[in-house]
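Try each task yourself, then compare your steps with the solution.

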Amino acid sequence: MNILGIESSCDETAAAVYTDGGLQSNIIASQAVHEQYGGVVPELASRAHHKTIWRTVQQSLDEADTSLDAIDAVAVTQGPGLMGSLLVGLCFAKGLSLSRNIPLVGVNHMDAHIYANFIDNQPEYPFVSLTVSGGHTQLVHVTGAFEHTLLGQTRDDAAGEAFDKIGKILGLPYPAGPVIDERSKQGDPDFHDFPQAMLDNDFEFSFSGLKTAVKYFLEEQDNREQFLEDHVDDICASVSYAITEVLVKKLRNAIEHTKVSTIALAGGVSANSMLRRKATELAEQTGCTLYIPKLAYCTDNAAMIAITGYMMAERQMYADMNMKPFANLKALERMNM
Ligand code: KG4
Ligand code: ZN
């Protein structure tokens, strides 16, 4: 079976080919246009998707040394994501499906982050996934393929969103997650004790207070500019410490609650070096096997859409021309996918 995967939920236009022989190509066109605005501008994102999607798809086919004639299903991100961005990928996939008579698969982006762990490995069920991205932070109990129970999620900002918003306060470029990660390596994680919210709750998260704490901490300094110049690495390290501590403590709660012996990280924030290190230590302490996607499969990519599409096609989980995009998870629940 040969699957073409297409991802366009946010600001990456991506296409990949996954076959019985594994991943054959993984192309990403990132959109630099948003940098100057310090965040993703939805209208500009959909326009950029529109411009590059056909080239990205063609490149993924070329690199896989194949053509549409050999593709058995087109898997496309159905949501969650930005409506305009999702529509571009979805309409493109429907066009391919209609004109070439290729079956369609509609992929949940959050599922795909989890199944990115299956590109290079074969994690055993049941496992708990800590799915941490720019839009979501979730603890998911995965008891079988596409059998998920949500243990808990964030009540406000996602972990990646916290990194990005705090980075903006610190004057760092967007997306700030990777920049804060790099700067943390030179900084002191004990420099300041930032709040770790909701530790009395087992599986739910809250990160918006941390952002406010960083803002007030800077306002308290006599010379904010000088203080930032001297200590930005230390603040980055202390922020990274607070975020990753909460994530790993709740992951530990989930292991104890579900009694799993396998855990996985997923989503853009799973690229974070401090999180990867702490999760590795947690796995050693609890005797769990830990899976973390390769860096290229942590942040948004189409390889994760292609493998999830492959697994769905294996289970005959096809969509049809009525498939609609959904911007948020609530809409997904309503659609009872
Ligand atoms: O999964 P993803 O690519 O997109 C969404 O589905 O949201 O995640 C993007 C998020 C951004 O907030 C970005 O700052 C964060 O992942 N991120 C990181 C790192 N790399 C990406 N956060 C912390 N450390 C990193 N190394
Ligand atoms: Zn994502």
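**Exercise 1.** Which polar backbone atom is 3.2 Å from an oxygen atom of ligand 1, and to which residue does it belong?

*Solution.* Keep in mind that you are looking at a predicted model. Start from the oxygen atoms of ligand 1: a polar backbone atom of Gly-160 is 3.2 Å from one of them. A polar contact needs N or O atoms within 3.5 Å, so this pair qualifies.

**Exercise 2.** Find a polar side-chain atom that lies by an oxygen atom of ligand 1, and another that lies by a nitrogen atom.

*Solution.* For the oxygen, go to His-113, where a polar side-chain atom is 3.0 Å away. For the nitrogen, turn to Asp-181, whose polar side-chain atom lies at 2.9 Å. Now step back to the cover: on its own, ligand 1 has 550 Å² of accessible area, and the protein covers 88% of this.

**Exercise 3.** How many residues surround ligand 1, and which pocket does the ligand take up?

*Solution.* Count the neighbours to reach 19 residues, with Gly-134, Asp-164, Asp-181, Gly-268 and Asp-300 as the closest. Then look at the space that ligand 1 takes: this is the largest pocket.

**Exercise 4.** Classify the ring pairs that Phe-127 forms with Phe-118 and with Tyr-125.

*Solution.* A pair of aromatic rings is described by the distance of the centres and the angle of the planes. The whole structure holds 11 aromatic pairs. In one of them, Phe-118 and Phe-127 have centres 6.2 Å apart and planes at 45°, which makes the pair tilted. For Tyr-125 and Phe-127, the centres are 5.7 Å apart and the angle is 20°. Planes under 30 degrees apart count as stacked, so this pair is stacked.

**Exercise 5.** Are Phe-118, Phe-127 and Tyr-125 buried or partly exposed?

*Solution.* Buried means under 20% relative accessible area. Phe-118 has 4%, so Phe-118 is buried. Phe-127 has 1%, so Phe-127 is buried too. Tyr-125 reaches 30% and is therefore partly exposed.

Terms used. Residues are numbered from 1 along each chain as its sequence is written. Chains are lettered from A and ligands numbered from 1 in the order in which they are written. This is a predicted model: local features need pLDDT of at least 70, side-chain atom pairs count only at pLDDT 80 or more; totals for chains, interfaces and linings use all residues. Side-chain values use heavy atoms; hydrogens and water are left out. Rings of Phe, Tyr and Trp (its six-membered ring) pair if their centres lie within 6.5 Å; planes under 30 degrees apart count as stacked, over 60 as edge-to-face and the rest as tilted. Buried means under 20% relative accessible area, exposed over 50%, partly exposed in between (1.4 Å probe, protein chains only). A residue is near a molecule or strand if one of its heavy atoms lies within 4 Å of it. A polar contact is a pair of N or O atoms within 3.5 Å; within protein, one must be able to donate a hydrogen and the other to accept it, and residues adjacent in sequence count only if both atoms are side-chain atoms. Accessible areas come from the Shrake-Rupley method with a 1.4 Å probe; for residues, only the protein chains shown count as cover. On a 1 Å grid over the protein atoms alone, a cavity is a set of points where a 1.4 Å probe fits but cannot get out, and a pocket is an open set with protein on both sides within 12 Å along at least five of seven lines; lining residues have an atom within 4 Å of a point. A molecule sits in a cavity or pocket if more than half of its atoms lie within 2 Å of its grid points.
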